Amino acid sequence: MPELPEVETISRFLKEGNSQQSSVLGRTIQRVDLLWERSVAEPAAAEFLVRLPGQTIAGIGRRGKYLRLDLSEDVLLFHLRMSGDLLVEPVDAPIGPHYRLLLYLDQNLRLAFHDTRKFGRVWLTQDPQHVFQNLGPEPLNPELTAADFYARLQRHHRQLKPLLMDQSFLAGLGNIYTDEALHMARLHPLAISDKLTEEQAARLLAAIRKALSEGIRRNGTSIDWVYRGGDYQRYLQVYQRTGEPCKTCGTPIERIIVGQRSTHFCPNCQPLP
DNA sequence: ACGAGCGCCTGTCGGC
DNA sequence: TGCCGACAGGCGCTCG
C-alpha cells in the first residue's frame, strides 16, 4: 500500500487524531500482543516484548516510507510494505484475522498493526539511523535543490523508473507516485538518468514534489481493500489506467513491465528519446 | 553498477 | 461452480 503520502497521512493521524480516532501521542504502552513473530525485524521477539511495556509515545514522525514512534527509551519503526496499516481502536474492538501486533495503551486505546500480506516489519532500536543508513534524501526537503538532483541523476546510468523507486536514490516514491510524477514531467520511464538535461531534471523534481504533496493533501491513495480514507486515486493520470485515454492528449495509456513492476505511461506525452 | 529472477504472503479478479 | 494464473502501494537476496 503505502508510499510516502500514505505513511505521512498515517503519521499525522496518529499524532493529531481525527474524527474517527484519538491521538496516541503521550499514551503509555501497557501490554503487547505479538500475533505474527516474523513481523518483528529486531530485536528478538522475546526482548521486543519485554522492552515495550511502560514506554510512553513521546514523538511521531516519518522518514521515507518508515513510520517512526519515539518512545521514552527506544524508537519503534514500522515499514508497512505492501499491505500494512496502523489503526487506533478501543481496546474491546474485535480482532480480525490480519492483526499482527497489538499495543495496548492507557485510556482504553489500542494501536494495531494490521498487515494482510505479512510483508511489513517493525524495529525496536536505540539507533534508528542504522535502519535508515541506506536511505536517500527526502524528496520534499527544500535542501534538495534542482542542481543537487541533476547531479545525482548524472551519477547513475539507469532507467528512470527503477532509479526513482530505489530508496537509496530518493526515499519515499513507490509504483503509483513514480508513474504519476514521470507523466507529469513528460519523461519516459525508460529514459536514462544521465541523459537528462538540467531543465528535464528540474521538471522531474518539481513533478515528484507535486505528485507527493497532492497525494498528502488528498490523504493518500485508496485502491481496492488496502488503505482507506484517501482519495488521490480520483486524480491519477496513468496508474492503473491501461488502455484508457490520456487525460492530456487522449492517447491510450500503455502498460509495460520495468524492473518487474507494472509501469503506466502515455506514449505521446512521454516519448522515448 | 545494473538489471533480472525469486522469495516472502494473502487476497481478488477474469477466463475457461 | 470451481480451478488456475495473473496481479497487487515493497524490498532483500542471489546471479550474471
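Predicted model: local features only at pLDDT ≥ 70, side-chain atom pairs only at ≥ 80, totals over all residues.
Local features need pLDDT of at least 70 and side-chain atom pairs count only at pLDDT 80 or more, while totals for chains, interfaces and linings use all residues. Residues are numbered from 1 along each chain as its sequence is written, chains are lettered from A and ligands numbered from 1 in the order in which they are written, and side-chain values use heavy atoms, without hydrogens and water.

DNA strand B is surrounded by 13 residues, each with a heavy atom within 4 Å of the strand. The closest are R38, H98, K118, R158 and Q260. By class, this surface has seven polar, four charged and two nonpolar residues. Here Ala, Val, Leu, Ile, Met, Phe, Trp, Tyr, Cys and Pro count as nonpolar, Asp, Glu, Lys and Arg as charged, and the others, Gly among them, as polar.

Sugar or phosphate supplies 66% of the atoms of DNA strand B within 4 Å of the protein; bases supply the rest. An N or O atom in the side chain of H98 is 2.5 Å from a phosphate oxygen. Q159 uses its backbone: an N or O atom there lies 3.2 Å from a phosphate oxygen. The side chain of Q260 has an N or O atom 2.5 Å from a base nitrogen.

Five bridges join β1 to β7 (residues 99–105). The bridge partner of L34 in β7 is L101.

Definitions and conventions
Polar contact = N/O pair within 3.5 Å; in protein donor to acceptor, adjacent residues only side chain to side chain. Pairing = 2+ DSSP bridges. Helix = DSSP H or I, 4+ residues; strand = E, 2+ residues; numbered from the N terminus.
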